[in-house]
Amino acid sequence: MNKVKVAVVILNWNGAGMLRQFLPSVLLNSQEEEVEVVVADNASTDDSCSVVETEFPKVRLIKLDKNYGFAEGYNKALELIDAEYAVLLNNDVETGRNWLRPMVEYMDTHADVAACQPKILDWKVKTKFEYAGAAGGFIDRYGYPFCRGRVFDDVEEDRGQYDDAMPVFWASGAALLIRLAVYKEIGGLDGRFFAHMEEIDLCWRLRSRGYRIVCLPLCEVYHVGGATLKKDNPRKTFLNFRNNLLMLYKNLSQDELKPVMRVRKGFDYLAACFFFLKGEGANARAVLRARREYVAMRPQFEKDRKENIRKSVCADIRERYPFSLLWLAKMKGKKTFAELVGR
């Protein structure tokens, strides 16, 4: 196919209902001549493919041969895309009227920005930020992610308090626009993660190589969230904890690795105890299993770690905050981004 300016790529697995509900808004609000909308299907067993073929004939359908998960599924799909920019868009996202063009125009005029995201609001309560991305993501010293608009489970109302465009540490994989050549240059998402934390790992690699990542809150999308795995699902707990540890191992400097991982080990055992005390034994066991699998998988990532350190030109990343999020949020009661960072 001829090269297009932007490919909006929606990865789907057994989401026929989501496609019927949300794909119309994507098509309606992405009508620029140089935009292609693509559904990449992760070998769904429902009628997702026939829904796309019969109800959305203008959408390009890529049929993958098995369920590769979020990370490798996108890698496989983007190998078949020829575009300047790719948007990774969840299948449970409703787009706003002006969601895409300002992001593309910003990227066109800021060559050092590799990726950006819109403001992500809750589809169910559109005056609130959505958990997975809000108005741009950050992490603390120990790898705990938080957002403008969301700290742990505390999600803020959107009152325009984060409407300024701002450099961020990570952009949400729910709605991530990225330069496709750069995506491929740094190796894309890490398929070994399967799902969860993979976009933060990707963005860490981008930032350490000197690229910037920005949230542009005047662009808006509305995300259902938790459509595949609910927030308290033990499988999700396992993937989040395991992948977060692998991400830290891949990307931390040699000086930080041991002290950070020593503290994280203590935090993880505290988390397991907390789950047990809440009566969530399955989640507690998921944390412990995540630590075991991290240790088992760590040798696979040694080469990646050495490459990341060798290619890093930005060891001190401003959007990675030096404090402990657990201490400030859970012990000091700071529930918002503004309270955490004083802005």
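Predicted model: local features only at pLDDT ≥ 70, side-chain atom pairs only at ≥ 80, totals over all residues.
Guide: The expected span of a helix is 1.5 Å times one less than its number of residues. H9 has 17 residues and reaches 24 Å from its first C-alpha to its last, which is close to the 24 Å expected at 1.5 Å a residue.

Visitor: How many residues does helix H8 have, and what distance does H8 reach from its first C-alpha to its last?

Guide: H8 covers residues 254-277, a run of 24 residues. From first C-alpha to last, H8 reaches 35 Å, close to the 34 Å expected at 1.5 Å a residue. After H8 comes glycine 279, whose phi is positive, near 85°.

Visitor: What is asparagine 283 in contact with, leaving aside its neighbours within four places in sequence?

Guide: Asparagine 283, a residue of H9, is in contact with Asp232, Asn233, Pro234, Thr237 and Phe275. With a relative accessible area of 5%, asparagine 283 is buried. Between asparagine 283 and alanine 271 there are two separations to read: twelve residues in sequence, and 9.3 Å in space from C-alpha to C-alpha.

Visitor: Where is leucine 202 placed, and which residues does leucine 202 touch?

Guide: Leucine 202 is placed in helix H6. Not counting residues up to four places away in sequence, leucine 202 touches Leu176, Ile178, Tyr183, Ile186, Gly188 and Leu189. Its relative accessible area is 0%, so leucine 202 is buried. Alanine 171 is 31 residues from leucine 202 in sequence, and their C-alpha atoms are 9.4 Å apart.

Visitor: What does glutamate 94 touch?

Guide: Glutamate 94 belongs to strand S5, residues 93-95. Its contacts, again not counting residues up to four places away in sequence, are Phe22, Ser25, Trp123, Lys126, Val221 and Tyr222. Arginine 320 is 226 residues from glutamate 94 in sequence and 30 Å from it in space, C-alpha to C-alpha.

Visitor: How many disulfides does the model count?

Guide: A disulfide is a covalent bond between the sulfur atoms of two cysteines. In a model, the test is whether two cysteine sulfur atoms lie within 2.5 Å. By this rule the count is zero. Cysteine 203 is in no disulfide, and the nearest cysteine sulfur, in cysteine 116, is 11 Å away. Cysteine 203 has 0% relative accessibility and therefore counts as buried.

Visitor: What is to be said of phi in asparagine 14 and phenylalanine 194?

Guide: Most residues other than glycine have a negative phi. Asparagine 14 has a positive phi near 50°, and phenylalanine 194 has a positive phi of about 65°. Asparagine 14 is found in the loop between strand S1 (4-12) and helix H1 (16-28), and phenylalanine 194 in the loop between helix H5 (180-185) and H6. Asparagine 14, at 29% relative accessibility, is partly exposed; phenylalanine 194, at 30%, is partly exposed.

Visitor: How much space lies in the second largest pocket, and which residues are closest to its centre?

Guide: The second largest pocket holds about 300 Å³ of space. It is lined by 17 residues, of which Asn251, Ser253, Glu256, Ala315 and Arg320 are the closest to its centre. The lining divides into eight nonpolar, five polar and four charged residues. H6 (198-208) and H10 each supply at least two residues of this lining.

Key: Residues numbered from 1 in each chain as written. Heavy atoms only, no water. Helix = DSSP H or I, 4+ residues; strand = E, 2+ residues; numbered from the N terminus. Buried < 20%, exposed > 50% of the residue type's maximum accessible area, 1.4 Å probe, protein only. 1 Å grid on protein atoms, 1.4 Å probe; cavity = no way out; pocket = protein on both sides within 12 Å on 5 of 7 lines; lining within 4 Å. Points joined across faces, edges and corners; volume = space filled by probe spheres on them. Nonpolar A, V, L, I, M, F, W, Y, C, P; charged D, E, K, R; others polar. Contact = heavy atoms within 4.5 Å.
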